[in-house]
Amino acid sequence: MDEPLIRARALTKTFRRPDKGPGLAGSARHLITRKYTEHHAIDGIDLDVAAGEAVAYVGRNGAGKSTTVKLLTGILVPSSGEVRVAGVVPHQDRIANARNIGVVFGQRTQLWWDLPVRETFTLLRDMYRIPPERYRATLARLTEVLDLGPLLPVTGRKLSLGQRMRADLAAALLHEPPIVYLDEPTIGLDIEVKDRVREFLRDLVANGTTVLLTTHDLGDIEDVCRRIVIVDGGRIIHDGPLAAVRDELARERSMHVQPAVPVDLAAIRAALPGTEVSGEPGEFSIRFDRFAYSAGQVAAAVMGLAEIRDFRIDEPGIEDVVRRVYEGGLVESPTGAPA
Amino acid sequence: MPSVAMRPYLAIARISWRSALAYRIPFVLSLCMMVFNLLAMLSLWRVLLASGHPLAGFTWPEMRAYLLVSFVTGCLVSSFTDFTMAFRIQSGLVALDLTQPVHYQRARFAQCLGMTVLESATAAVVCGAALAAFGAIPVPALPQLALFLVSLVAVVPLKFLIVYSSGLLCFWTHNYLGVSFARAAVSAVLSGALVPLVFFPGWLRILAEVLPFQGIASTPALIYLGQASGWDAVRLIGIQLLWIAVLWAGASAAWNAALRRLTIHGG
Ligand SMILES: Nc1ncnc2c1ncn2[C@@H]1O[C@H](COP(=O)(O)OP(=O)(O)OP(=O)(O)O)[C@@H](O)[C@H]1O
Ligand SMILES: [Mg+2]
């Protein structure tokens, strides 16, 4: 096999946090003691992504997703380890790397705040030296799929979050990069815009772009990514086909219940064998296998013991995925396992 | 015809000039401050030189010329460069600058040049008004005028590099405002923008002459007045160019060092 398009080996990023007491006195003391705590945001990551692959990169808050993206894009210099993207070491040859990649950070914008969106696009055209016909064609295509027409004359600061995200997606893709990194591209968007962005990502992948997508929303990666990489504590804890994770999780549901009066959780456990009940007598959750119980059965069993004031059923989220990995519910694939 | 390699930087200069127009209010405010400063200095020196006796070789028309030249150089390369830089570094937006296919330092210089277009235009207008109000100033002969123009042009990269270098300190300090004010205060004195260097006590004058600041006000002003002419003027311009080369290389090295310790805050 050829060298993968993205290749990281034992990649590590350590941040130093000053050991500071509170207030001015603490800061002053720090000036003298100069003590730091080392924090491994990324702790020995091995990752190969082949050309055309679409990888979901998920994990809990603080797992190290954004830091990984910043290392792969060359924004941060790794503390140790190696990284090569399309044959380039990103932090050593930023300019060559920049031409190969498009980056979207959901929480930051690359639009010029005081100028119409169109001006940012023109700047990018010149920055990436996109030939005029090429630029016109790409812009026309992006304008259509992201519905940018009404946004082009609008100043960056006047865009709503969803509008901004669409414009930022276009800005990152104007030079038609073969590799695209998306760090939480649907954060804060309503469901309608989310759907539009997801559809756009599907097309992007279908057209052969290599995509690495981080998100907290499992909905983002369905139909977009075939492969899921799960990080926790700066390490990859699972790497494998998305389908396996989905099937595993598809079985699982959680019901959150607030009873009118506190109930004995032991009694509920007894009434629903095989489920996992956690929480307080006044508010608890029942995790059950969808194929063993129906939601109605679970609710009926609880109602037999107490009046229900309120309840809600959750689809599994990232936390559940991570938990399942630790419980051994997912079999690790041999390819992605860190050494 | 501009080469292809220049195209990204020309585009950055253009967009920076365009966005400067969006910052009309701070721009006008800072201009008002500078004009106020100019008027105060002109009035002050008019009183000091009212007797008709020159002070340290300066007559009133010469001093007028000195102050006007230093006003013009003061208008060039405003604090926009380092403030936007500081803001982007501290807010983490610099992450996006790092994913663009341009050299960071050259891109900031291009941005600064874009602003300079606007700054030169306003400086010219204010000068015209001041000339009308306070009387004409002596104009040097052609060769001297040419030397003056060279030294005036050299002010832009030199001042940019001073401002840019201090902007890089953001990587080491979280209180950039303090750094910026300190730099502005030091450079106002040591550049000779407030008081010509000849009035300085010996030690301060030596300090001013070994530091790069004199090149952003005193040098073009002295050349304009003919107080530095011929080889003397060429030597002063040489010092400007030397500092430009030294600071450019130094700032590049500092930037690379800064990137190694860069941590992007937030998300
Ligand atoms: N500039 C920094 N200085 C110190 N520590 C940092 C810095 N940036 C990130 N970290 C730490 O590194 C770890 C990983 O952060 P990262 O931003 O990569 O997480 P993430 O997976 O993207 O989380 P989220 O889902 O919340 O965006 C966190 O513990 C964070 O506190
Ligand atoms: Mg993140």
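Reader: How many aromatic pairs does the structure hold over all chains?

Author: There are 12. Rings of Phe, Tyr and Trp (its six-membered ring) pair if their centres lie within 6.5 Å; planes under 30 degrees apart are stacked, over 60 edge-to-face, and the rest tilted. Mind that this is a predicted model, where local features need pLDDT of at least 70, side-chain atom pairs count only at pLDDT 80 or more, and totals for chains, interfaces and linings use all residues. Residues are numbered from 1 along each chain as its sequence is written, chains are lettered from A and ligands numbered from 1 in the order written, and side-chain values use heavy atoms, leaving out hydrogens and water.

Reader: Why is the pair of B:W45 and B:F199 tilted?

Author: Their ring centres are 5.2 Å apart and the planes sit at 45°, so that pair counts as tilted. As for burial, buried means under 20% relative accessible area, exposed over 50%, and partly exposed in between (1.4 Å probe, protein chains only). B:W45 is buried at 5%, while B:F199 is partly exposed at 28%.

Reader: And what about B:F171 and B:W172?

Author: That pair is edge-to-face, because the planes are at 80°, with centres 6.4 Å apart. B:F171 is buried at 10%, and B:W172 is partly exposed at 44%. Both belong to one aromatic cluster, whose members include B:Y104 and B:W248.

Reader: Where does the charged end of B:R108 sit?

Author: Over a ring, meaning that NZ of Lys or CZ of Arg is within 6 Å of the ring centre and within 35 degrees of the ring normal. For B:R108 the ring is that of B:Y104, 4.6 Å from its centre. In chain A, the charged end of A:R125 sits over the ring of A:Y135, 5.4 Å from its centre.
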